[in-house]
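Subject: Structure for your files

Hello,

Here is the structure you are taking over. My notes on it follow below.

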Amino acid sequence: THGPARQLPPIVQARLEAFYGAGLLGPTELDPSILNSLATFAPEDGLAILEKFGSADLSTVNNKNGFLAGIMKRVRATASSVDTASLAQAHATLRPSVQLALEQLYASEVVQRGELGAKILQQLGELDEAMALDAVGRLQSSNLASVGNKAGFFVGIMKRVKAEREQPGLFAL
């Protein structure tokens, strides 16, 4: 373990250590205050922050502390507009394969964590596993550039998946 990041959740600390090991970041490049700020996030948010940080070309980033602080600020702004407790609770009730599919969706930045509210995650959980995975897959492969309300769009996808299952020939072209 390097330096002052000992209060980070173990999974976040491990990801940071992986950055050190891969040479993406030196163990002394981040200020203790930045690491302390990172430690205030829930483990899954801390991981998401580090994924965003690590996905950038860090060789072009002059101020890694400022860059990481900016990512944390954006995550906080998103999280503050979302009821994170009910969102986490709704996420936890989903089947593990569906949780994984959602995590991949968030990691690919098709949607941001929190954009699909707790009510939508509950609706997703009401679908059987195959339908839920189909719906998430369709959202993943959709061109969302002109979609203003991704949550509403996803509700439409879930309704269509359910309707196709209930009346298989109805949507065939």
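Leaving aside neighbours within four places in sequence, Phe154 is in contact with Leu116, Ile120, Leu124, Ala135, Val136 and Leu139. Contact here means heavy atoms within 4.5 Å.

Before the rest, the basis of these notes. This is a predicted model, in which local features need pLDDT of at least 70 and side-chain atom pairs count only at pLDDT 80 or more, while totals for chains, interfaces and linings use all residues. Residues are numbered from 1 along each chain as its sequence is written, and side-chain values use heavy atoms, with hydrogens and water left out.

Overall

The protein has nine helices and zero strands. Helices (H or I, at least four residues) and strands (E, at least two) are DSSP runs, numbered from the N terminus. The C-alpha trace spans about 60 × 30 × 30 Å along its principal axes. Of the 173 residues, 36% are buried; buried means under 20% relative accessible area, exposed means over 50%, and partly exposed lies in between (1.4 Å probe, protein chains only). Among contacts with a separation of 6 or more, 63% join residues 24 or more positions apart.

The cores

Phe154 is one of the residues with the most contacts inside the largest nonpolar core, together with Leu102, Leu116 and Leu124; this core has 29 residues. A nonpolar core is a set of buried Ala, Val, Leu, Ile, Met, Phe, Trp, Tyr and Cys residues joined through side-chain atoms within 4.5 Å. Helix H5 (84–92), helix H6 (96–107), H7, helix H8 (129–141) and H9 each supply at least two of its residues. H9 gives the most, with six residues. Apart from this core lies another, of 19 residues, including Leu8, Leu35, Leu58 and Met72.

Two helix pairs

Helix H7 (residues 118–126) and helix H9 (residues 150–166) have axes that come within 11 Å and cross at roughly 15 degrees. That makes H7 roughly parallel to H9. Axes are lines fitted to C-alpha atoms, for helices over the stretch in contact, and angles run from 0 to 180 degrees between N-to-C directions. Angles under 35 degrees count as roughly parallel, over 145 as roughly antiparallel, 65 to 115 as roughly perpendicular and the rest as oblique. From H7, Ile120, Gln123 and Leu124 make the contact; from H9, Ala151, Phe154, Val155 and Met158 do. By class, this contact has six nonpolar, one polar and no charged residues. Ala, Val, Leu, Ile, Met, Phe, Trp, Tyr, Cys and Pro count as nonpolar, Asp, Glu, Lys and Arg as charged, and the others, Gly among them, as polar.

For helix H1 (residues 10–22) and helix H3 (residues 43–55), the axes come within 8 Å and cross at roughly 15 degrees. H1 and H3 are therefore roughly parallel to each other. The H1 side of the contact consists of Ile11, Val12, Arg15, Leu16 and Phe19, and the H3 side of Pro43, Gly46, Leu47, Leu50, Glu51, Phe53 and Gly54. These residues divide into eight nonpolar, two polar and two charged.

A loop residue

Arg95 sits in the loop between H5 and H6. At 34% relative accessibility, Arg95 counts as partly exposed. Not counting residues up to four places away in sequence, Arg95 touches Gly125, Leu127, Asp128 and Glu129. From Arg95 to Glu115 the separation is 20 residues in sequence and 19 Å in space, C-alpha to C-alpha.

Regards
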